[in-house]
Amino acid sequence: MTHSHTRRVFLQRGLALVSAGLTVPTFIDSTVWAMADPLDVKLTQQESGTDGKILVVVQLSGGNDGLNTVIPYGDDAYYRARPGLAKRAEEVLKLNSYVGLHPNLAPLKELYDDGMLSIIQGVGYPNPNRSHFRSMDIWHTAIPDKEVTTSGWLGRYFDNTCSGEDPHAGIAIGDTAPLAMKGERVLPLNFERPENYRYKGQDQERYLKLNGGTVGQETTVEPSGTGGGSGQTKTKGVRIITPDNQLEFLTRTAMDAQLSSDRITQLVNNYNTRSSYPRGSYGEGLRTVAAMIRGGLPTRVYYVSLGGFDTHANQGGRHDNLMQQFAQGVSAFWNDMKEQKNHQRVLMMCFSEFGRRVQQNASQGTDHGAAAPMFLFGPAIEKRAGLVGNHPSLTRLDQGDLIHNIDFRNVYATILQDWLNTPSKPILGQQFKTIPIFKS
Amino acid sequence: MARLHPQLEPFVESSSDPWDRVKAAHLLNRAGFGGTEQEINRVLEAGPQAAVDELLDFPDGPSDLISATDQPDLSHIEGYPRTFAERRKLFEGKTAEERMLLNQRMNQANQQALRAIANWWVQRMAYGPYPFHEKLTLFWHGHFTTSARDERSAWLMWQQNETWRAHAAGNFGRFVKAVSRDPAMLDYLNNQQNRKARPNENYARELMELFTLGIGNYTENDIKEAARAFTGWAHDGEAFIFRKFDHDDGEKTFFGVRGNFDGDDIIDLILRHKACGPYIASRFWNFFVNEQYDPAVIASLGEVLRENDYELRPMIRTLLTSKAFYNRQNIGSQIKSPIQLVVGTVRLLGVKMPEVNRLNGALNQMGQVPLMPPTVKGWPGGKMWINTSTMFVRYNTVLWLAGGEPVTSGRRVIDAINRRNRSSGIQVEVDGSTEQIVDRWVERLIQRPISEQKRAILIEAIGSEPNESSVRNMVSLILSMPEYQLC
């Protein structure tokens, strides 16, 4: 990638780059090619210095009822605890003589039979917290015993492995960036819909000129790699922030945002797929992720959420629908990945902040609980790792809740080391044992 | 009296560095949420000393001291018991299901009341009589942090907001003592669980690390001993109580001094620590002047605080009238916080402040929801407000506000605006040449000179024959300049 090419692209896009001290957006050199010619999109991602693996996180928000997801249908205690909510043994999609999947998870059963799904049973952490916020924070930060943590486990992964100049390291679908993806240095990109990730004023052309760099004398922006937009100068040994370098920083970020927005919008709008995703933000989010993977963004982690799992009352029908939506999305996404021939590069991880109480409550619902299953999807999964760990006992409980067998940080360590090929200790603060889940 | 650092000496105007509109606007931006043309004129006339005195001239008390009617709507939580004892009584004899329903209703009522408080507060920042008082309250809210994510009681969050307001420019020592008795704070930092038999060090640690001294100025043992002194400081759901039997009244050693200390004694010892004045001075500097500082200036400013027995007004006055404050490098060098951006836009454009319910999504995406700081460290601020996602949200939110309904009722502080045309959005008048129109709007919104090249783009946007729609477009372009993100 040469600067003259960069400049040509800018001019094509209507950005007024006139001076010789050309403003180079921080990530343009490595990624602008895809935007310049949308038809020339490679099937696989261009990676700089790392392998091209992708992690897609699916968060089930509100506390998914693990017991009615991976169902211990062979246990009388399940039927005793759930007189109004239990699934009959004959409808459960059996995995062995003890557990089976919720009847609406047929697509997951298929993936399981194909060796594409690993179900990790009884995942949790010590002294489980039953507040949504706090428990979600614990899963996101991976630091259960410290109140103040401003970074998440994936954010620290970015901090340790990315330069921080490309805004696409992590992309979350949603109005707010999940704490899990926030690093001390690297922040994720997030948007609910790609069409909201753009400037909505009318005069786009002049907006670009006013934010595009070299129109003002103050905008001699240093090229990338000079400190990630610190915007600081040294004056008499004291670092002082000035209006000029603050403007540079803002201008650079605005330009990054514009290029990134153009590119993502184009990728998503031009995306054709035969997969049918479920309606709603979860299904659309997965479709958007598939479009971005197809478009070759250098993104390593995508994040999608499905909400509504806080089923305190009349859980039955609601949870059935959620299971169906969840499974449809997963199934559509994996069909899409196979069609794109990108499936080998992708691992999907599903979790919820906690499971629910074993005993149903008086309102045909369930209250906040503790341990629950996690799902990992992908062709990299070892067939024998279909069902990992033992199902927690339904009778030996802690305050009415399942006791975890596997700490979620063992799963994170496994993903970091065996999938993302990065040491997990600097990210998780201590060395957690990995679980043999992946093909060697 | 120690000698004041030269940078903190009062700003005196000269022919090369006059007291001008840019400086007057700077004062109103930092010591408030942005000034209208008339407000800038008044500050310009008064000069920095008198203007700062006037800005600081608000009653040291909660909001009902100022107005009994300008209060948040707490009707949602009326009728629900506040104290734990009353709540227990209410739940007595109820079935599990009834309790759950009652709990749900109470949670909902608290959520509604919390939104009402946030809404009231943001409206007050925009239209209230003392914007600087509210700016200081916001500063302290980020300093002595409590989040409604953890403290679910709207009543306690409201009490805290009022306590912070009452002490915002008062005496820092008395303020810290009030903070240490604040029920929401006792909850947030677990002093409610700090008992003689099982001390909890959370409050003692943050009291020193974040609230008064900064890291590195105390030992782990000082934390342990301070925690003992605060045992038994608790609340009953409504107000502070001292639980005598949970209090450890044994001898403690703190900062090398031995004594039978309680929490107030610990605070007095902290105030005597040489790091306390400079630490608080640095927090003020970071929030009101610049993200970065010269330690020599901070040491001197901290000395002002100490010499005045921790009265905050003299230090604030020194800071806001100083040469340093009006240094060219400090004007327009601050990235507006999301609240500053929203409230400032409403004030500068003279448009109506939307209900917080309609703003919450945008504030959340920009990273600053009032009453919900992300961690005990408050909002990180500065460059942390900005990334490729928030950039668009910030631009689009401002444009959305500009397209909103104009203010329809007269308010004291806000300038009168042309309200004849109620269609939507800002009022624009097409009089004078294109250049004059552009310059007027740049002065009103950005309040500092902009580059000739950018000015030319704005002039070209209007064209030679200005009309309402082209002027409106030009205004939206000013609002979409990176310069507008700074104050």
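Q: Which residue of β12(A) is the bridge partner of A:M349?
A: A:L376, in β12(A), is the bridge partner of A:M349. Keep in mind that this is a predicted model.

Q: How do β11(A) and strand β12 run, and how many bridges join them?
A: They run antiparallel. Three bridges join β11(A) to β12, residues 372-377 of chain A.

Q: What else does A:L376 touch, leaving out residues up to four places away in sequence?
A: With those left out, A:L376 touches A:S118, A:I120, A:L347, A:M348, A:M349, A:I381 and A:I437.

Q: And β1 of chain A: parallel or antiparallel to β11(A)?
A: Parallel, over seven bridges. Strand β1 covers residues 54-60 of chain A. A:Q59 is the residue opposite A:F351 of β11(A).

Q: Is β11 of chain A enclosed or open?
A: Largely enclosed by the rest of the structure, because seven of its seven residues, 346-352, are buried.

Q: Which residues point which way from β11(A)?
A: A:V346, A:M348, A:C350 and A:S352 point one way. A:L347, A:M349 and A:F351 point the other way. All of them are buried.

Q: Switching to the core. Which residues have the most contacts inside the largest nonpolar core?
A: A:L55, A:V56, A:L376, B:I117, B:M474 and B:I478. The core has 254 residues, and that list includes both A and B residues.

Q: Which helix gives the largest share of this core?
A: Helix α5 of chain B, residues 96-127, with eleven residues.

Q: Where does this core lie relative to domain 1 and domain 2 of chain B?
A: Between them, because domain 1 (6-55 + 274-330) and domain 2 (338-485) both give residues to it.

Q: How far apart are the C-alpha centres of those two domains of chain B?
A: 25 Å. Their contact takes eight residues from domain 1 of chain B and eleven residues from domain 2 of chain B.

Q: Which elements give two or more residues to the domain 1 side?
A: On the side that touches domain 2, they are α1 (21-30) and α2 (37-55) of chain B. The residues of that side divide into three nonpolar, three polar and two charged.

Q: Now the chain contact. How many residues come from chain A and from chain B?
A: The contact takes 47 residues from chain A and 43 residues from chain B.

Q: What on chain A gives two or more residues to that side?
A: The elements are β7 (189-191), α7 (204-211), β9 (238-240) and α8 (243-269) of chain A. The largest share, twelve residues, comes from α8(A). By class, the chain A side has 22 nonpolar, 15 polar and ten charged residues.

Q: B:Q365 next. Buried or exposed?
A: B:Q365 counts as buried, because 25 C-beta neighbours lie inside 10 Å. It is found in helix α17 of chain B, residues 356-366.

Q: What does B:Q365 touch, not counting residues up to four places away in sequence?
A: A:D175 and A:T176 of chain A, plus B:T390 and B:V393 of chain B.

Q: Which residues in chain B have a positive phi without being glycine?
A: B:F255 is one of them, with phi near 50°. Its place is the loop between β3 (252-254) and β4 (257-259) of chain B. B:F255 counts as partly exposed, because it has 15 C-beta neighbours inside 10 Å.
A: B:Q447 also has a positive phi, near 65°. That residue is in the loop between α19 (434-445) and α20 (452-462) of chain B. B:Q447 is buried, with 24 other C-beta atoms within 10 Å.

Q: Back to chain A. What is the order of its open sheet of three strands?
A: β2-β4-β3, with antiparallel pairing. The edge strands are β2 (70-71) and β3 (93-94), and each pairs on one side only. β2(A) and β4, residues 100-101, pair over two bridges. A:L101 in β4(A) is the bridge partner of A:V70.

Q: How many helices and strands does chain A have?
A: Twelve helices and 14 strands. Of its 440 residues, 53% count as buried.

Methods
Residues are numbered from 1 along each chain as its sequence is written. Chains are lettered from A and ligands numbered from 1 in the order in which they are written. This is a predicted model: local features need pLDDT of at least 70, side-chain atom pairs count only at pLDDT 80 or more; totals for chains, interfaces and linings use all residues. Two residues are in contact if their C-beta atoms, placed from the backbone, lie within 7 Å. Helices (H or I, at least four residues) and strands (E, at least two) are DSSP runs, numbered from the N terminus. Ala, Val, Leu, Ile, Met, Phe, Trp, Tyr, Cys and Pro count as nonpolar, Asp, Glu, Lys and Arg as charged, and the others, Gly among them, as polar. A nonpolar core is a set of buried Ala, Val, Leu, Ile, Met, Phe, Trp, Tyr and Cys residues joined through C-beta atoms within 7 Å. A residue is buried if 20 or more other C-beta atoms lie within 10 Å of its own, exposed if 12 or fewer, and partly exposed in between; C-beta atoms are placed from the backbone. Domain bounds come from an automatic or database domain assignment. Two strands pair if DSSP finds at least two bridges between them.
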